[in-house]
Amino acid sequence: MDGNLPRLALHVPEPRFRPGDAVDFGALLLSRAGEQLRPDETCAASATHGLCHDLIRVLGEDDLAHGPWNPALDPGTLIRMLRLMALTRAFDARMVRAQRQGKTSFYMKSTGEEATAVATALALADDDMVFPTYRQQGLLIARGYPLVEMVDQIFSNRADRLKGRQLPIMYSARAQSVFSISGNLATQIPQAVGWAMASAIRGDSRIATAFVGEGSSAEGDFHSGLTFAAVYHAPVVINLVNNQWAISSFSGFAGAERTTFAARAIGYGIAGLRVDGNDPLAVFAAVRWAADRARANAGPTLIEHFTYRAEGHSTSDDPGQYRSAAERTEWPLGDPVDRLMRHLVTLGVWDAGQQADMDAAVDAEVRDAVRAAEAHGTLGQGLHHPFRTMFEDVFETPPWHLVEQSEQAIRERRIKWPDWSDEGDVGERP
Ligand SMILES: Cc1ncc(C[n+]2csc(CCOP(=O)(O)OP(=O)(O)O)c2C)c(N)n1
Ligand SMILES: [Mg+2]
């Protein structure tokens, strides 16, 4: 200690509400729908920087669409968007039940965040390359990836095209231009930026999109990726989904007490937008704006989707241990499915009966996909890929040491579980 100098101290962020606390979101600055300026897609990046501290909103309290960001979608597209979000929600609900029944080890829902994936998918071209994380199942669904193949992967069964080698929900969908989902979070940013740069170097016209959670945006990969994107004007859209939680860590640990996540765009000198992530029309408009900007060689955009993770992080999590249950009910931006439905009803193109029919139809669609996948096996009941296949597909000619390890593993397995078939575990496990 030197003289009278103050003792140095650190600030350790603490979430405002803990289990049992009453919740008041009154301090949140929520702008009114329709009041945000919409600069031209090819504007100077600095013309967007005011928006980084604002919130682009289209759907108002009156359930109508307002302002220059209103994408003016026709009712058919809006109903399709609603259906895809409802399908995603129904899929999540059944997969959690399947996990509780032992058909898979793990699942992650996207409840409350469906708009960030579904409206993004509809705003992009179908062949724009996407580097998602684990909470964008809505994007795969919107791009028409077969539900049964998603369930096959989740059940790690015989039909799983990834042969049980990936954690459940880490799909890979080449035909849908969706890059393999990696658990190494924020790697999506340099990968998407690199892909976008390669697309430009080849003189192609396809752009890339990445997703990152607000927690993961504290990783170094996020920042080096953004530097490359800014320096080379990479044709990329970076979607940062700020659902305010990273497992049990609140967004303050990733920097939310200092500024918005969108405002990081200011430091890099790229375009930034901050959007109400529970407003599907605003998400659509922001992503379309950024995609058009990238296509016009006007540079990358960082979009913060401000939303709320309505449920646990995954089936392995219990949010009741670390946050107040009242957060979900008090959250002022509502629910994206509900908001779009009310918009359609207010427009006079939708009613409660149609909604009930649609809910029943999407649930039946998911149920049928699960039944079809169950015929290919589930985690708990065998029908996995044969054991030996775990040594395949890496080397064209496996090196001697792998051959030796594989033979030893198969031998030991026969001794330990003599009733199990080498061709996969068919039937109930002994
Ligand atoms: C590089 C890396 N660090 C840590 C983890 C462990 N991990 C898995 S999910 C998660 C939370 C991520 O939170 P966020 O980025 O906010 O995404 P969200 O789950 O909210 O969608 C962490 C820390 C990981 N998968 N990868
Ligand atoms: Mg998060």
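Author: Helices α2 and α8 are oblique to each other. Angles under 35 degrees count as roughly parallel, over 145 as roughly antiparallel, 65 to 115 as roughly perpendicular, and the rest as oblique. The model is predicted: local features need pLDDT of at least 70, side-chain atom pairs count only at pLDDT 80 or more, and totals for chains, interfaces and linings use all residues. Residues are numbered from 1 along each chain as its sequence is written, while chains are lettered from A and ligands numbered from 1 in the order in which they are written.

Two packed helices are described by the angle between their axes and the distance between the axes. For α2 and α8 (residues 280-295), the axes come within 8 Å and cross at roughly 45°. Axes are lines fitted to C-alpha atoms, for helices over the stretch in contact; angles run from 0 to 180 degrees between N-to-C directions. Helices are DSSP runs (H or I, at least four residues), as are strands (E, at least two), numbered from the N terminus. The crossing of α2 with α8 is right-handed. That term applies if the near helix is turned clockwise from the far one by less than a right angle; anticlockwise is left-handed.

Now the residues. From α2 come Ala115, Thr116, Ala119, Thr120, Leu122 and Ala123; they meet Pro280, Val283, Phe284, Val287, Arg288 and Ala291 of α8. This contact holds nine nonpolar residues, two polar and one charged. Contact requires C-beta atoms, placed from the backbone, within 7 Å. Ala, Val, Leu, Ile, Met, Phe, Trp, Tyr, Cys and Pro count as nonpolar, Asp, Glu, Lys and Arg as charged, and the others, Gly among them, as polar.

Helix α2 (residues 114-123) also meets α1 (residues 75-100), with axes within 10 Å and a crossing of roughly 135°. This pair is therefore oblique. The crossing of α1 and α2 is right-handed. Met81, Leu84, Met85, Thr88 and Arg89 of α1 touch Glu114, Ala115, Val118, Ala119 and Leu122 of α2. Seven of these residues are nonpolar, one is polar and two are charged.

A further crossing joins α4 (residues 147-155) and α11 (residues 352-374): axes within 8 Å, roughly 50°. These two are oblique, and their crossing is right-handed. In α4, Leu147, Val148, Val151, Asp152 and Phe155 meet Glu365, Val366, Ala369, Val370, Ala372 and Ala373 in α11. Nine of the contact residues are nonpolar, none is polar and two are charged.

Next, the annotation. UniProt, in an unreviewed entry, lists "domain: Dehydrogenase E1 component" for residues 83-378. That span is 44% helix and 11% strand, with its end C-alpha atoms 28 Å apart.

Last, the ligand. Ligand 1 is surrounded by 15 residues, the closest being Leu185, Gly213, Gly215, Ser216 and Ala246. A residue is near if its C-beta atom, placed from the backbone, lies within 6 Å. The shell has four nonpolar, seven polar and four charged residues.

Terms used
Two residues are in contact if their C-beta atoms, placed from the backbone, lie within 7 Å. UniProt positions are given in the numbering used here, feature names are shortened, and annotations may be inferred rather than shown by experiment.
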